[in-house]
Amino acid sequence: MTKFNIKSVAIIGAGPAGIASLYEFLHTNKDGTSTVGKEVAENPLFDKIVVFEQKSQAGGIWTPDIGTKSLRVPPQSMFDTEQYNNPDVIHKSEPKPEGVLAATVENPILVKVNPKDDTHLDWQETGVYPDLFTNIPSRFVRFSYQPNEEKYQDPSRTIYPFLSHHELTSRFSSFVEKEQLEKYIRFKTRIEEVYKDENNKWVITANHDKETVHEWYAEEFDAVVVANGHYTVPFIPHIPGLAEYSRKNPEVVIHAKAYKNVDEFNGKSVLNVGGSISTENLIQYIYPVARRLSVSRRGDHKVFPFINEAIVSEGIVGKPPIERIDPETGIVYFTDGSLEGDFDKILFTTGYHYHYPFLKKLIEVVAPSNASRVSGLYWDIFAIEDPTLAAVGVPVTGLKFTSIEAEAAAVAGIWSNSKDLPSKEEQRQWEQKYVASRPHNIDYHYYAPDEVQEKYIDKVIDQFASPSRYNPLIEDGKHIDDIFLGVANLEKLFYKLKNNELSIKDTLYRD
């Protein structure tokens, strides 16, 4: 049975998972008692907490517009490798400068850089666009210790029960400001390497971006939380001919991460590749203005089943996966033997990678793609081979904020010795058993709204969180049916927008 004596913690990422972890740790006393929802701990568990965030603001995908233009697709040099579907190719760690381990945050190594160099991408730009509204009700895009504002519970709101991205961004940034969390965050700092040294300390190699100069340094910590999310590195499936076609037609191919408004698709012939929630989100805006719209998809969507009919509804041409693209003519050949050409835009709504380029061991992404499984974690949280490394935000569920909160509480409970982990062998056996009973892809991490409380959140809180830490669904769990109301309204909104019964401006709410 491992007993922890953790004094310093590094948190990688200041999105929802990183902020929830920071808040939880600040509200945990040395004896494990929790003050969540109240004042910070009087006798805090940790002496030092540092959050590393590569953006200039907190929020992750919900970061306010930071004014940078997203890359439409990976640079052509990366396309030409024909490995653009490999995150290790399009999201590499930068090579460390000599002597970095002796450098400190106060006295870093300075490396001059060319801001236009595209050989090392951080993909830090947010994939959020001005017209976006959430697909989860207001109650469940917040942590339990945040208010569920009455103004968002008005059924007369056009997008009820959802929030516009402006409203959610405001909710998140207001919380960070109110709790004075920014003082713990080092912005514009990318983590390039994380490893355990011979003194049993985690060594973080950090790269502070000052545009023309990067400040490199190393820092030691007792424990690390990986909270970098999985909506950063875009996934584009490998398609024969795509790289050469993109070189010849650089304005045609675009990933959804770079979508900002519908103007680009006005009067165009569009091929959408993908069948996910982002497909539904975008084609409800694109269809009314496009000259023609085809949707190529791999299979059915399980989380929001209505999508399967919506994205091939009247006026939209449904197609199977792409077999190849003729780079000279632009003709797209599909797996059923059919073909189409004359596309002005090819839009990939194919999701994102789980990716941890700074961490080569302990946490592994199995068969990297938009449908990967992350291995080596007990209950998707604790690194089995070293429990001073934890991940927050891996599970996939409609109650994402709630599951993140539960995972952060679990980490605080274990690291404060309020609860104990089973032996490594028992954890390995758990993972083996779980792998055998679940799909060998991203669905391994998926919990449906009507099962996530019983099968995940309750179990995580009961097994790992401090006894004084309340369950985040103690109140909100009474309202799980809001999720299903949300799905029904999401479907109605889709058809109203698609059929021009509702305009984009009708859905825009600013806090």
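I take helix axes as lines fitted to C-alpha atoms over the stretch in contact, with angles running from 0 to 180 degrees between N-to-C directions. Helices are DSSP runs (H or I, at least four residues) numbered from the N terminus.

I am working from a predicted model, in which local features need pLDDT of at least 70 and side-chain atom pairs count only at pLDDT 80 or more, while totals for chains, interfaces and linings use all residues. Residues are numbered from 1 along each chain as its sequence is written, and side-chain values use heavy atoms, with hydrogens and water left out.

**Entry 1: α1 and α4**

I looked up how helix α1 (residues 16-26) lies on helix α4 (residues 165-178), and found an angle of about 30 degrees with the axes 12 Å apart. That makes α1 roughly parallel to α4, a label given to angles under 35 degrees. I then listed the contacts (heavy atoms within 4.5 Å): Pro16, Ile19 and Tyr23 of α1 meet Phe172, Phe175 and Val176 of α4. I sorted these residues by class and got six nonpolar, no polar and no charged, where nonpolar covers Ala, Val, Leu, Ile, Met, Phe, Trp, Tyr, Cys and Pro, charged covers Asp, Glu, Lys and Arg, and polar covers the others, Gly among them.

I next checked burial, taking buried as under 20% relative accessible area (1.4 Å probe, protein chains only). In α4, 10 of the 14 residues are buried, so this helix is largely enclosed by the rest of the structure. Among the buried residues I noted His165, His166, Glu167 and Arg171, as well as Phe172, Phe175 and Val176. The buried residues of α4 pack against α1 and α8 (400-415). Just after α4, I found that Gln180 takes a positive phi of about 55 degrees.

**Entry 2: α6 and α12**

I turned to helix α6 (residues 277-286) and helix α12 (residues 481-498), whose axes come within 7 Å and cross at roughly 35 degrees. On the α6 side the contact is made by Ile277, Glu280, Ile283, Gln284 and Tyr285, and on the α12 side by Leu490, Leu493, Phe494, Leu497 and Lys498. By class, I recorded seven nonpolar, one polar and two charged residues for this contact.

**Entry 3: Gly486**

I finished with Gly486, which sits in helix α12 and is buried, with a relative accessible area of 0%. Leaving out residues up to four places away in sequence, I found that Gly486 touches Pro137, Pro161 and Phe162. The C-alpha atoms of Gly486 and Phe162 are separated by 7.5 Å, although these residues are 324 residues apart along the chain.

Key
Helices (H or I, at least four residues) and strands (E, at least two) are DSSP runs, numbered from the N terminus. Angles under 35 degrees count as roughly parallel, over 145 as roughly antiparallel, 65 to 115 as roughly perpendicular and the rest as oblique. Buried means under 20% relative accessible area, exposed over 50%, partly exposed in between (1.4 Å probe, protein chains only).
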